[in-house]
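Thank you all for coming; I would like to walk through one chain with you, going from the whole down to a few single residues. Please keep the picture in view while I talk.

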Amino acid sequence: MTTGATLTAVGRPLARVDGPAKVTGSGRYAAEFTLPGTTYAALVGARTAGGRVVGIDTSAAENAGGVLAVLTHRNLPKIAAPPHLLPSLAGHAAPGESFFPLQSDVVHYFGQPVAMVIADSHERAQFAARQVHVDYERSASITTLDEGRDQAYEPEAIFAGFIPARSVRGDVEAGFEAATHRLDATYHFAANHHNPIEPSATTAVWDGDRLTLYDATQGIVASQSTVAALLGIPPSKVRVRASYVGGGFGCKAMIWPHVTLAAMAARHVRRPVKLALTREQMFTSCGHREEQEQRVELGATDDGRLTALRHHKLSLTSPFDEWAEPSLSIASQAYACPHYEGVYRLIRGNTMTPTFTRGPGETTGMFALECLMDELAHRIGVDPVQLRLRNHAEADPNTGHPWSSDGAQECYRRGAARFDWQSRNPEPRSERDGNWLIGKGMATAGYPVFFPMQPQRARARLYADGSAVVQAGTQDFGTGSGTAMTQVAADGLGVSVENVRFEYGDTDLPNVAAAVGSAGAGMLSAAVHTAVTTLRDQMIEQAVADPDSPLHQADPAAVVVRGGRMELRDEPGSGESYRDLMQRHFMTDMDALGSWQPPAPNVPYGLATFGAQFAEVAVDPALGMVRVRRMVGAFAPGRILNARTAHSQVMGGMLWGLGQALLEGSLVDTRDGRWANASLGEYLVPVNADAPDVDIEFVEVTDTVVNPLGVKGLGEVGMVGAAAAIANAVFHATGYRARELPIRIEHLL
């Protein structure tokens with residue numbers, strides 16, 4: 001890149017470019033693509049947590065009106081490769097679990113698909129699915145931590161083998177011996193489910209040997225590669241489209257069996273098939289945040305400096321995958337503690353494989369650590385903010401590498417100032433508002449910065465009328481990436497945002513990795529920025545080589561672009577427009593492909609986004625009710641691409657933290673392994689009446705390591721620490737220390 005453009009669009013609170021389509025209903029989601037001859041599939045889920053299918057009577061379903069086929073393990077073709085082999089067969093494949101249903105009579109978990117009905121209408125398919133009668137030979141099952149404690153074990157690694165199960169630095173026992181204060185607490189977390197507005201859905205259509213999928217996914221390339229590998233066809237034969245996705249939060253990050261089942265059904269009936277999961281099936285088909293328990297031990301000196309940290313986690317995982325949330329990453333890095341031990345342990349249970357859920361891992365890990373840090377502050381009489389400042393890690397404690405960028409201390413200070421933290425009386429139960437007990441709490445927020453392993457690509461095309469189109473094979477699942485990328489492209493080309501159109505949602509476009517782990521904005525903006533600046537530089541090079549151009553023989557490094565014009569930096573108004581250059585050369589357009597190679601995994605920097613969360617609660621001591629009155633968050637996510645969508649992202653995360661603290665928990669009926677509250681009527685989530693005032697400040701830090709624009713990501717960090725700040729505020733109000741989430745009324749009575 002030979003030159004630059006002033007960032008005039010990036011950072012602005014630009015209104016969403018997809019807003020009109022969503023408001024008017026013209027934007028179509030996966031389940032809204034109804035092609036000629038479309039049929040509808042409905043899944044039949046197992047009604048037991050474990051055992052075997054010993055009999056299936058499909059006659060009533062087959063004789064129901066409009067039914068084209070009923071598929072079971074007896075007549076569904078076998079997949080081409082087991083899901084656990086897919087990473088080696090297709091580099092971008094991302095199966096949600098290493099088990100694929102309808103391949104044998106074995107039942108591993110309640111809700112596992114045991115039959116699939118295809119009919120000529122959605123209603124007929126659902127009716128016929130209820131007519132399938134299945135007999136089971138039931139076996140003993142494990143559906144909770146308590147049922148399987150005696151079978152807990154330490155694996156070699158978790159998280160698909162990417163994270164070692166044990167991590168140690170220093171000598172943790174020596175650290176505890178050096179401590180004058182030692183705290184030990186165990187925290188229990190109920191399982192959580194995602195519940196996006198749009199349930200997962202796939203519409204599949206074959207054209208000869210080519211398959212097109214309209215899929216609700218956070219990674220269209222992952223859908224393409226996974227389905228292709230499972231079906232045994234080249235990825236080039238599979239096209240995935242996802243223009244609009246109604247939320248994901250992690251449940252649409254991995255590719256679950258229903259996507260491939262839709263394709264298999266469409267191939268079987270030789271017609272398009274639409275498979276939309278019901279709300280209840282969303283609890284049994286797309287993963288979840290697992291039930292887990294975390295024990296944290298802290299050692300500290302009299303002035304609160306940490307000497308030792310031991311953090312052990314126990315998770316309920318599936319029978320076939322060693323998967324648990326990576327909860328110990330930021331908890332091991334947030335503070336300058338010389339001696340550390342982190343261990344993951346698993347229990348194999350009768351549940352589907354857990355998966356990413358917003359703020360995966362760090363949301364629970366930091367809850368446990370931050371609650372115990374608050375307990376330490378209270379014990380030794382140190383202000384909780386000062387305790388965290390005192391233990392701030394100037395470098396990554398795990399490696400000693402400097403942070404690529406930090407900002408944590410500034411977040412503490414700015415957040416405390418906005419919250420008026422200094423007016424807080426540290427004594428519990430010291431403040432009232434009528435009958436309400438008032439409490440104030442805070443916690444650290446943090447989330448790792450992840451890089452995809454493969455290059456990220458985008459294409460930019462500039463037209464002779466001065467307009468531009470930028471394309472990338474990504475998807476916008478409600479976060480506003482289409483809007484932010486329009487801003488990135490406009491600044492890179494030096495044109496107005498009105499002259500840029502960003503096209504996405506199709507694997508026929510240059511490929512980008514799945515948007516997971518807050519990596520989407522960083523990798524996508526890097527690819528778009530590389531494409532548009534490559535195109536911009538091509539235009540400048542052509543101008544300086546053109547004898548008829550006012551920029552002829554100018555130094556390309558001295559040329560800037562603004563308002564669609566190439567000008568000398570020190571001579572505003574000089575040069576010429578893109579339009580003039582292209583028309584003179586009889587060009588209708590010019591394009592460029594940009595490819596950004598992410599940094600290597602062993603980059604010598606600590607990589608994390610930090611922040612600080614503050615919350616004020618009111619607790620009715622007679623009724624045990626908790627009301628969150630206000631929340632304040634200060635975050636340092638690098639460069640902000642769009643102030644409006646960034647604010648919305650973080651506010652959504654903070655409010656989800658409220659849900660984690662006070663409302664959300666999936667309960668298991670241990671008799672059959674069924675999620676007992678698998679509906680939005682019984683799985684409680686925050687609504688408008690629960691929402692407090694939310695005040696957010698961004699502390700922009702410069703980061704030259706993570707990507708060209710210094711974007712670190714913020715989709716997850718807004719949730720991390722929010723629940724802990726609320727729980728610490730509940731302690732301040734009542735004197736009750738939360739050891740279990742969600743905090744229930746009966747805990748406070």
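What does the accessible surface of the chain come to, and what share of it belongs to carbon and sulfur atoms? Before I answer, please keep in mind that this is a predicted model. The accessible surface comes to about 27300 Å², and 50% of that belongs to carbon and sulfur atoms.

Let me turn to the overall build. The chain has 19 helices and 32 strands. Its radius of gyration is 27 Å, close to the 27 Å that the globule rule gives for 749 residues, so the chain is as compact as a globular protein of that length. If you draw a box along the principal axes, the C-alpha atoms fill roughly 80 × 75 × 50 Å. Of the 749 residues in the chain, 63% are buried, and if we take the contacts between residues at least 6 apart in sequence, 81% of them join residues at least 24 apart. As for charge, there are 64 positive and 81 negative side chains, and the centres of these two sets lie 3 Å apart.

Just after the helix comes Gly735, with a positive phi of about 85°.

That brings me to backbone angles. Most residues other than glycine have a negative phi, and most peptide bonds are trans. Which places in this chain, then, deserve a second look?

One of them is Asn195, which has a positive phi of about 55° although it is not a glycine; Asn195 sits in the loop between strand 10 (181-189) and strand 11 (201-207), and it is buried, with a relative accessible area of 14%. Gln553 also has a positive phi, of about 65°, and is not a glycine. Gln553 lies in the loop between helix 15 (520-544) and strand 23 (559-562), but this residue is exposed, with a relative accessible area of 66%.

Finally, a cis peptide bond joins Leu741 and Pro742, with omega at about 0°, and Pro742 belongs to the loop between strand 32 (740-741) and helix 19 (745-748).

Methods. Residues numbered from 1 in each chain as written. Predicted model: local features only at pLDDT ≥ 70, side-chain atom pairs only at ≥ 80, totals over all residues. Heavy atoms only, no water. Helix = DSSP H or I, 4+ residues; strand = E, 2+ residues; numbered from the N terminus. Rg over C-alpha atoms; globule rule 2.2 N^0.38 Å. Buried < 20%, exposed > 50% of the residue type's maximum accessible area, 1.4 Å probe, protein only. Contact = heavy atoms within 4.5 Å. Areas by Shrake-Rupley, 256 points an atom, 1.4 Å probe, with all protein chains shown as cover. Lys, Arg positive; Asp, Glu negative; His and termini not counted. Charge placed at Lys NZ, Arg CZ, Asp CG, Glu CD.
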